[in-house]
Amino acid sequence: MHDIIVVGAGPAGLTAALYARRMGKSVLVLEKSTFGGQITFSPKIENYPGTMQMSGTEFADRLVEQVLAQDAEIEMETVTGIEDHGDTKTVVTEEGRHDCRSVIIAAGVRHRQLGLSRENEFVGEGISYCAVCDGAFYKGQHVAMVGGGNSALQEAILLSETCSKVTVVQNLPFLTGEQSLQDVLATRQNVEVILSTVVTGLLGDSTLTGIEIRNEESGEVSTLSVDGVFVAIGLEPVNEAFAEIAALDERGYFDADEACTTKTPGVYVAGDCRKKGIRQITTAVADGATAALAACRYIDSL
């Protein structure tokens, strides 16, 4: 039996594992897909204290190495639920069952989709949610970037370095990303920004060939021929499997405050999966530390 099981190996989960190990607790981290979580999709990080610049993958690799150096266990398993047995908990996965004294859920979030017909059919055939992962496939081609926040602008800048043209499609009458990113984007002559416009349809047979767009101010509908579409319109939680063990708010995030506690003693939540006003790497790692120290105090009190 482990002292603590951490669900999710993003910045929050890995930080929790690091703090728990330094407190002398045995730790098992369970991750279903990518060590580092969503941060691995970020091509450049320039706002993490103490580091001038790094990629999301570099940050994730360093954190995983640091956690493994503390002798935490990390396994690739998909968690499907958590059972509360009072002083012990059981984390159920597709691969088996793991008993522990405390659980920290750092399940992260997933990319929000456009919600259009045939969208899933075109994933990998013209639609991508990660320019870092798939941008190289569109070298010398025309792509659209849907979204106007920090992630969208970062990815548009990255794509502009190899694509012949990048068209940014933003539903609002202004971009919401940081001004510094907007300034960089403005210097790229192969980037066009279309504001107050939404994507209403996907064109093509087996492979995407373009998008249908509608101007929100004029109502005009037109088509845009592109070789690929990158989507960065926000993130959404995937907490349904834990709804019985930890309350969710109306948007599906864990209804927990800065203390990271839940309605179930010994179960804590950390990172982007919980209700919060700001979602950054710094707030995720802060949650991880808070949840880990709370879990250690809980175990010590048993």
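So, H1 and H2: H1 passes H2 in a left-handed crossing, where left-handed means that the near helix is turned anticlockwise from the far one by less than a right angle, and right-handed means clockwise. Helices here are DSSP runs of H or I with at least four residues, strands are E runs of at least two, and both are numbered from the N terminus. One thing to keep in mind is that this is a predicted model, in which local features need pLDDT of at least 70 and side-chain atom pairs count only at pLDDT 80 or more, while totals for chains, interfaces and linings use all residues. Residues are numbered from 1 along each chain as its sequence is written, and side-chain values use heavy atoms, with hydrogens and water left out.

Back to our pair. The axes of H1 and H2 (residues 56-69) are 9 Å apart, at an angle of about 25°. Axes are lines fitted to C-alpha atoms, for helices over the stretch in contact, and angles run from 0 to 180 degrees between N-to-C directions. So H1 and H2 are roughly parallel to each other; the cut-offs are under 35 degrees for roughly parallel, over 145 for roughly antiparallel, 65 to 115 for roughly perpendicular, and oblique for the rest. On the H1 side, the contact (heavy atoms within 4.5 Å) includes Leu14 and Leu18, and on the H2 side Phe59 and Leu63.

Among the residues in contact are Ala12 and Tyr19 of H1 and Ala284 and Leu293 of H7.

Arg274 is in the loop between strand S17 (267-269) and helix H7 (281-301). Is Arg274 buried or exposed? Arg274 is buried, because its relative accessible area is 1%; buried means under 20%, exposed over 50%, and partly exposed in between, with a 1.4 Å probe and protein chains only. Which residues does Arg274 touch, leaving aside neighbours within four places in sequence? They include Tyr253, Glu258 and Asp287.

Last stop, Ala232. You'll find Ala232 in the loop between strand S15 (228-231) and strand S16 (235-237). Ala232 is buried too, because its relative accessible area is 16%.
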